[in-house]
Amino acid sequence: MKGLYTALMCSFDEQGNINEQGLREIVRYNIEVSEVDGLYVNGSTGENFLISTEQKKQIFEIVKDEVGDRVKLMAQVGSLNVDEAAELAQFVTNLGYDAISAVTPFYYKFDFEEIKDYYNTILEGVDTKLIIYSIPALTGVSMNLEQFGELFENEKIIGVKFTAPDFYLLERLRHAYPDKLIYSGFDEMLLSASVLNVDGAIGSTFNVNGKRAKQIFTLAQSGRIDEAREIQKVTNDLISEILENGLYQTIKEMLETQGVHAGYVRKPMKRLSEEKLLKARSIAEKYL
Ligand SMILES: CC(=O)N[C@H](C=O)[C@@H](O)[C@H](O)[C@H](O)CO
Ligand SMILES: CC(=O)C(=O)O
């Protein structure tokens, strides 16, 4: 399960419905052009928190059908409705996904016992392994070293997608849990995380920048830090331009320039203005 996973985008039409053909094209682009090791399906980047249970299932099905066994698949099933999360865990297990992942429960201020119960409930009915999705900036949930350790006591919890700029905690986690899988979540910090020996990374910008991300990771693993730093620099030039123009919208438009019908974002996300559309295309021209 090690390696680089694209946090997969989903293609939506103007009405916000899934564009199946577009989704299949995004999958193929990631496998055939970016050559990533796997896909992380229905994460933040997949606009998962904006869609219905039925749509989530449909996306899981389409992606598995398109991928077959070509790359590894992780399914993000986390939801404030823990029954939905458990149902989706079952659903993707039946589809043959390699692992599940679940964001920490957010919005309400859940205490750690509640968070633990949430993960245990999701895992009750399945044997599939789970990767915790920790993203404090969006969820407001920060866990410490001991709390990660307590969750890791459940043998089905095999790792964490660590999306935080806390390299102290990352180093402590790596040291304390050498057998758990740690995936770096912030693409702009991939080199720094790789130096700390993460097992892989999961990122939104890999949809368009997967090749450079893979180079950074591979170079860092073999100790070629100077070369990796150069590629992280270009990558971060690209990421700052993307972030300034609108993260998911810009990545989608960049994919469109490659003949991939990535479509629109769903409301309440807003679409790019004419000016920003042009900007997205010029970013694509510059970096792809
Ligand atoms: C919220 C979100 O999309 N997070 C992603 C993964 O965790 C990242 O891949 C970032 O999008 C990326 O690093 C840009 O900041
Ligand atoms: C990694 C990320 O962007 C996601 O959860 O989709």
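**Two ligands and their surroundings in a predicted model**

At 1% relative accessibility, Ala-201 counts as buried, where buried means under 20% relative accessible area, exposed means over 50%, and partly exposed lies in between, with a 1.4 Å probe and protein chains only. Ala-201 belongs to strand β8; helices (H or I, at least four residues) and strands (E, at least two) are DSSP runs, numbered from the N terminus. Between Ala-201 and Tyr-5 there are 196 residues of separation in sequence, yet their C-alpha atoms are 6.1 Å apart in space.

Before I continue, a word on conventions. This is a predicted model, in which local features need pLDDT of at least 70 and side-chain atom pairs count only at pLDDT 80 or more, while totals for chains, interfaces and linings use all residues. Residues are numbered from 1 along each chain as its sequence is written, chains are lettered from A and ligands numbered from 1 in the order in which they are written, and side-chain values use heavy atoms, with hydrogens and water left out.

I turn now to ligand 1. How many residues surround ligand 1? There are 16, and the closest are Lys-161, Asp-187, Glu-188, Ser-204 and Tyr-248; a residue is near a molecule or strand if one of its heavy atoms lies within 4 Å of it. By class, the shell divides into 8 nonpolar, 5 polar and 3 charged residues. In this scheme Ala, Val, Leu, Ile, Met, Phe, Trp, Tyr, Cys and Pro count as nonpolar, Asp, Glu, Lys and Arg as charged, and the others, Gly among them, as polar. Strand β8 (200-203) and helix α11 (247-257) each supply at least two residues of the shell around ligand 1.

Several polar contacts can be listed here. A polar contact is a pair of N or O atoms within 3.5 Å; within protein, one must be able to donate a hydrogen and the other to accept it, and residues adjacent in sequence count only if both atoms are side-chain atoms. An N or O atom in the side chain of Lys-161 is 2.7 Å from an oxygen atom of ligand 1. For the side chain of Thr-163, the corresponding distance to an oxygen atom of ligand 1 is 3.1 Å. Gly-185 takes part through a backbone N or O atom, which lies 3.3 Å from an oxygen atom of ligand 1. On its own, ligand 1 has 380 Å² of accessible area, of which the protein covers 93%; accessible areas come from the Shrake-Rupley method with a 1.4 Å probe, and for residues only the protein chains shown count as cover.

The second ligand comes next. Which residues lie around ligand 2? They are Ala-7, Tyr-40, Gly-43, Ser-44, Thr-45, Tyr-133, Lys-161 and Ile-202. This shell divides into 4 nonpolar, 3 polar and 1 charged. An oxygen atom of ligand 2 is 2.6 Å from an N or O atom in the side chain of Thr-45, and an oxygen atom of ligand 2 is 2.8 Å from an N or O atom in the side chain of Tyr-133. A backbone N or O atom of Ser-44 lies 2.9 Å from an oxygen atom of ligand 2. The protein covers 93% of the 220 Å² of accessible area that ligand 2 has on its own.

Is Ser-44 buried or exposed? Ser-44 counts as buried, because its relative accessibility is 16%. The side chain of Ser-44 also makes a polar contact, at 2.7 Å, with the side chain of Tyr-133.

I close with some features of the backbone. The peptide bond from Lys-267 to Pro-268 is cis, with omega near 5°, and Pro-268 is in the loop between α11 and α12 (274-287). Glu-35 is a residue other than glycine with a positive phi, near 55°. Glu-35 lies in the loop between α1 (20-34) and β2 and is partly exposed, with a relative accessible area of 46%. Asn-197, also other than glycine, has a positive phi near 75°. Asn-197 is found in the loop between α8 (190-195) and β8, and counts as exposed because its relative accessibility is 52%.
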